[in-house]
Amino acid sequence: MKKTLLLTIALFLSAVAFSQSHVFLSESFDGENFPEGWTLSETGKDNWEISVSNHAGGKPNELFLNNFPPLFNETTRVISPAVNLNSVDEVILSFRHCLNNNIDAAIQQTPYVIGVATSTDMENWTTIWSEEYKESGVYQIFEFINTTDLGDNVHFSLFFTGANYMINGWVFDDIIVYSQDDTDLEMISLNFPEMSNYGEHEISFTVQNIGISAISSFEAKYEGIDGIVVSETFETNMESLEIKEFTFSEASYITPGSYNLKVELTSVNGENDGNENNNIAEKNIEIGMGYASKVPMIEHFSSSTCSYCVEPNKIIKQVLADNPGKYTYTKYPTKFPGMGDPYTTEEVKNRVNYYQVNGAPEFYLDGIWKAYEIVSPDDIDSVFGSNTFLDVRGAFTVEGNTINIIADFMSYIKIDSVRAFISINEKTTTENVATNGETEFHHIMMKMLADDKGNPINLKAGEHKRLEFSYNMDSTFMEDINDLEVALWLQNHETHEIYNSRYAYEYTEHCYPVQNLTLNVDGNNKTIRWEAPEKGNPTGYKVLINSKVVIESTSDLSYNFTSSDELFIAEVIALYEEEKTSVAVAKTYRQGENIVEHNNELNCNIYPNPASDILTIATEASVEEIAIYDVYGRLCCRDASNASTSNSMDTFNVSVQDLETGVYFVNIKTENGNIVKRFVKN
């Protein structure tokens, strides 16, 4: 129950800042500087800053209280602009926060107090909520507040009481103060992933009754999938502030492509909602054409001057030894504590700033902060082999002290502005020994190519982008050119999410993928053809249809099969010695798209072209079916009526009046194969 409650509160917090009709205060600290109108008390004013992190669970940025000098042991406040509370007797307060407790404080059980207070003169404060904390953790606060400070000049303050040198840091986000309407059902979230695979999908959403009155029923609709609009009435019993998830009974089959999915509340209790400003949730979604297998990416911030790092280093070393081939790993030698690790670099500093690392050791798994925990075998098992939409393969060779890297980054989904990272690590180092008693260190980052910001790339579904680098390692802390590894990963720079990772194949040539994959269709007979890679000597090729392996290994450059499906996806992977593979090359076939036109020797004409209302098809072939598809391969209509015969030609009139302006394909299915013609609707 506790886990469910925290989830629902988190869902509530994620949306309320943007949609409440009676919001008195809403601040998410998303700017680079302190928000306008917010002030600081004299005590601790130099210890507050805006951090680019999202440790409290919201979106970057967030409010950060650090433990740097000047030190204090009293109360510090962050104070809001004045708000007008003349019209209310009660408000609701919510915010997120995350405590990184000092280890010494945990041993001493030293309490810290945070709270929220109100004031009309910014001198005399009334505490309206407070809590004493001793343990690190992520917390969400959701409280009804009655305050004696009413009027048109009320300030709220978030305060911390305690010794700032006994914490490693405390972050806060999404501070909201609001009141309720009588009837108000809010659309909190559209519970559909931004990326998903093709197939049948249920459409779910979460709502909250943020009004005073109970809700017995409501109507909702969704649209944005192939022009379909689905409406449904949901019977329920939702008390004030109750949160529930609902699912439309009619699922949708979604083909690969880009969509704007929208869910809207259209009535509440049989009438218009009292507040219609929060009734819509929409999301741009990408539907993929298959999956890759995920390898978790571990990033570890450590230092040879950090005494607390010794034990985590031992633990993670054993975890990695027990899970060979199931991870990618890079350790960043930080500049702290003290003078820091001798092998630290400007790139490490920038990576620290990127994640807003507050101390060592810290672990990140697939870009997600581990909240002061070490990556465990269960963490690795929960990720390894799971489905993801992006893939990567690479290899490196060395010439003298120069490393040559080739890497292919591939996606089964259209994705823009993802960043490809390449980190050259040394497996074991000994010359950065410092003060923590360790005599060797592992997987130490030496260089990131081209730099620590990654390489922005845009990927189309089924295609790959290649990066190539040559770098002279003489300018790094490298100890042995024969002891290197290269970590590759794909990351969303804004959210920090890492989609997939791999180690590059070591000291060997790159595994190049196949070229020029084509799909030929003759009725139900399908043929996949491809060309050999531009370089290299594959031992064979693996062929997949609709994500299922149909041939484990073949030396042929084609594959024939029979299928009546209107949509299928073909993939080919080049296989190399020692179980090495290339990235896949994939292509989607949809009726009306990627079709090789057969029987074009038959006399077939379409007119007028462009067409506005009626498209006429005249052919000598025996027609079984006529279908029109858009450029995405989505079926628009089927029609084989209104046939007439003249001079051995059958003529068909197909209405295109309801089609939107654009390019379309008409697929004429005959007993001797398909005839495909392109036309324009104006």
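The model is predicted. The chain has 682 residues, and 53% of them count as buried. Its secondary structure consists of 5 helices and 50 strands. The structure also holds 34 aromatic pairs and 19 salt bridges.

**Overall build**

- The C-alpha trace spans about 100 × 75 × 40 Å along the principal axes of the chain.
- The accessible surface of the chain is about 29,900 Å², and carbon and sulfur atoms account for 45% of that area.
- Taking contacts between residues at least 6 apart in sequence, 71% join residues that are at least 24 apart.

**Aromatic pairs**

- There are 34 aromatic pairs in the structure. One of them joins F205 and F246, whose ring centres are 6.0 Å apart; the planes meet at 25°, so this pair counts as stacked, the cut-off for stacking being under 30 degrees.
- Another stacked pair is formed by Y355 and Y364, with 4.2 Å from centre to centre and 25° between the planes.
- Y355 is buried because its relative accessibility is 1%, and buried means under 20%. Y364 likewise has a relative accessibility of 1%, so Y364 is also buried.
- A cluster linked by ring pairs contains W48, F72, Y112, Y133, Y139, F160, W170 and F172.

**Charges over rings**

- R351 lies over the face of F421, at a distance of 4.6 Å from the ring centre.
- K580 has its charged end over the ring of Y505, 5.8 Å from the centre of that ring.

**Salt bridges**

- The count of salt bridges comes to 19. Among them is the one between E223 and K221, where the closest N and O atoms are 3.9 Å apart.
- E223 has a relative accessible area of 24% and is therefore partly exposed. K221, with 23%, is partly exposed as well.
- D416 and K414 form a salt bridge in which the closest N and O atoms are 3.1 Å apart.
- D416 counts as partly exposed because its relative accessible area is 45%. For K414 the value is 40%, so K414 is partly exposed too.
- E552 and K542 meet through their side chains in a salt bridge, at 3.9 Å from N to O.
- This pair links distant parts of the chain: E552 belongs to strand 39 (residues 548-554) and K542 to strand 38 (residues 540-545). E552 and K542 are 10 residues apart.
- E552 has 53% relative accessibility and so counts as exposed, since exposed means over 50%. K542 is partly exposed, with a relative accessible area of 22%.
- K370, E373 and D379 are joined by salt bridges into a network.

Conventions: Residues are numbered from 1 along each chain as its sequence is written. This is a predicted model: local features need pLDDT of at least 70, side-chain atom pairs count only at pLDDT 80 or more; totals for chains, interfaces and linings use all residues. Side-chain values use heavy atoms; hydrogens and water are left out. Rings of Phe, Tyr and Trp (its six-membered ring) pair if their centres lie within 6.5 Å; planes under 30 degrees apart count as stacked, over 60 as edge-to-face and the rest as tilted. Buried means under 20% relative accessible area, exposed over 50%, partly exposed in between (1.4 Å probe, protein chains only). A charge sits over a ring if NZ of Lys or CZ of Arg is within 6 Å of the ring centre and within 35 degrees of the ring normal. A salt bridge is a side-chain nitrogen of Lys or Arg within 4 Å of a carboxyl oxygen of Asp or Glu. Helices (H or I, at least four residues) and strands (E, at least two) are DSSP runs, numbered from the N terminus. Contact means heavy atoms within 4.5 Å. Accessible areas come from the Shrake-Rupley method with a 1.4 Å probe; for residues, only the protein chains shown count as cover.
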